[in-house]
Amino acid sequence: MQLQQLASLLAASRIVGDGTVDCRGIGADSRRVHQGDLFLCLPGFTVDGHDYAQQAVASGAAALVVERELNVPVPQLIVKDARYAMAVLADYMFDSPSRRMRMIGVTGTNGKTTITYLIEKILNDAGVNTGLIGTIQMRYGGRSYPMSGTTPESVELQRYLGNMAEQGVQCCAMEVSSHALEQGRVKGTDFRTAIFTNLTQDHLDYHNTMEEYRAAKGLLFSRLGNTFSRDASDSKYAVLNADDPASSYFQAITAAQVITYGVEKKSDVQASHIAVGAKGTSFHVSTFKGDTDIVLRMVGKFNVYNALAAITAALLEGVALADIKYSLESIAGVDGRVEPVDAGQPFAVIVDYAHTPDGLENVLRTVKEFAVGKVWCVFGCGGDRDRTKRPLMGKIAAQYSDHAFITSDNPRTEDPEAILKDIEQGLIDEGIPAERYELITDRRAAIHKAVEMASPDDVVLIAGKGHETYQLIGKTVHEFDDRIVAKEAIRGLSK
Ligand SMILES: CC(=O)N[C@H]1[C@@H](OP(=O)(O)OP(=O)(O)OC[C@H]2O[C@@H](n3ccc(=O)[nH]c3=O)[C@H](O)[C@@H]2O)O[C@H](CO)[C@@H](O)[C@@H]1O[C@H](C)C(=O)N[C@@H](C)C(=O)N[C@H](CCC(=O)O)C(=O)O
Ligand SMILES: Nc1ncnc2c1ncn2[C@@H]1O[C@H](COP(=O)(O)OP(=O)(O)OP(=O)(O)O)[C@@H](O)[C@H]1O
Ligand SMILES: N[C@H](CCC[C@H](N)C(=O)O)C(=O)O
Ligand SMILES: [Mg+2]
């Protein structure tokens, strides 16, 4: 593709050098440039991609997209906003893949991964060729691909969607993080349905205030459906949680048809008669396509909300309610989300991915509801992330468990002990007696101690890392899986 052809997509851009140069690929990481690529220099949060232009050229870049003219021996396309240009060019180079399939985007603080999994299962069972993109993995065509974050950068995203389209994927369910929305990673991605789960505190390190965080999530809805179609299959839908106060804001900023789901407030897809048990959750659901009873094998009232969001999306895809019920009832759960660990011990061990105050409160409330004995909670908070959530999570852990083991999550580049202290402050402020909790920096030691302390009928909840198979300390990735460590601790009991 000629550079001048790409330049025509970006008004107010300017070419320096030969515009007929052929660009075969596209990328923004100098460490992964291929011969003939167009390299985009992105001004980042940590470094400036313009500083890697020489390296990219040395690796074979045929041309550059830059925000300021550089002294390089290849043609340059000068643009105002390289990240925006990247989204436009990626969509073009991969032939607008999101318009060749039906896209379902899920945003919100908690529940995104779970909902995309539920949608994938329902649609697969209904014979739809599906794609999935999110925190745990990307999956399509019977294959799974590892992911390094939740929502990929636009070049990767469009490349992945292009591959999916080539393999006949008809519908892709993807998680859309607030970081992605704010950074324009999904700009140009044509969503048919956008789902909102909930808005509670997280990521204030990045978004500063809850208003900014909400505004970032709102971009998924404000960019949806500003024109109406005469063909119903082209309609856009905003699927909103009626019980979350942020939904009225999203409703106000979208031109898409709003479909609500909920439990407390009157909704288009409404659950009632909820019964939460140790092995599952049952509820009645009334929808715009009929009513039914559903028995989930997943525990927790929050999973009713996740199921309602998935039901709504599936109904909008034309799946019959009876088929949706069948699929939801057959799904055992999602990797690392309220996942039981069983190595024959006389007490329950649960691994969960709760890493926000609201997530932790929800899962602990659920556990407390069915625990016969004591609840032991092992948890920590990630480093280089929202610090203000730490004391809140500490307070919640103490409130809803009998004993809390405050330990490391992924400390990243922060001092692990300082993170533990930030969490402890929440317990001190709350006046929680010191015998109700302990600080154990080493996560393995904390899990072992919790398992050793548990008596028959107790529950040990290990929260924060769920499906993760690593622990990031400093810049080093260590192998670590809460489920394996818990099993190892349980086996150690009989020795
Ligand atoms: C804060 C944030 O989101 N940062 C993202 C951002 O990084 P950045 O702008 O700081 O990039 P940078 O490292 O300064 O580099 C600037 C440019 O130079 C390039 N570069 C850099 C080094 C080099 O040797 N050569 C080179 O070309 C980079 O490829 C990049 O194009 O752009 C990078 C490239 O696209 C992302 O990898 C990076 O995600 C970082 C790793 C991250 O941790 N993000 C998290 C917070 C995140 O996005 N999380 C959400 C999930 C949150 C949730 O669950 O709710 C997600 O969607 O994953
Ligand atoms: N609807 C919900 N409301 C509140 N908490 C939830 C909900 N669904 C799941 N959780 C809790 O949040 C944790 C993470 O769930 P899930 O992975 O589905 O969310 P996510 O939005 O994808 O998270 P991330 O932002 O890390 O991608 C779960 O382990 C559970 O404890
Ligand atoms: N998507 C979230 C995941 C947090 C998971 C937790 N284990 C941590 O590392 O903080 C984030 O990047 O903030
Ligand atoms: Mg997720």
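The C-alpha centres of domain 1 and domain 2 are 33 Å apart. The contact between them draws on 11 residues of domain 1 and 12 residues of domain 2; two residues are in contact if their C-beta atoms, placed from the backbone, lie within 7 Å. On the side of domain 1 that touches domain 2, strand S2 (25-27) and helix H3 (82-93) are the elements that give two or more residues. H3 gives the most to that side, with 7 residues.

By class, this side of domain 1 holds 8 nonpolar, 1 polar and 2 charged residues. Here Ala, Val, Leu, Ile, Met, Phe, Trp, Tyr, Cys and Pro count as nonpolar, Asp, Glu, Lys and Arg as charged, and the others, Gly among them, as polar.

## The model and its parts

This is a predicted model, in which local features need pLDDT of at least 70 and side-chain atom pairs count only at pLDDT 80 or more, while totals for chains, interfaces and linings use all residues. Residues are numbered from 1 along each chain as its sequence is written, and chains are lettered from A and ligands numbered from 1 in the order in which they are written.

The protein chain is divided into domain 1 (3-94), domain 2 (97-330) and domain 3 (339-493), with bounds from an automatic or database domain assignment.

## A closer look at Lys217

An unreviewed UniProt entry lists Lys217 for "modified residue: N6-carboxylysine"; such annotations may be inferred rather than shown by experiment. Lys217 sits in helix H8 (residues 210-222), helices being DSSP runs (H or I) of at least four residues and strands (E) of at least two.

Lys217 counts as buried because 24 other C-beta atoms lie within 10 Å; the cut-off for buried is 20 or more. Leaving aside neighbours within four places in sequence, its contacts include Thr107, Ser178 and Phe196.

Definitions and conventions: Buried ≥ 20, exposed ≤ 12 C-beta atoms within 10 Å, placed from the backbone.
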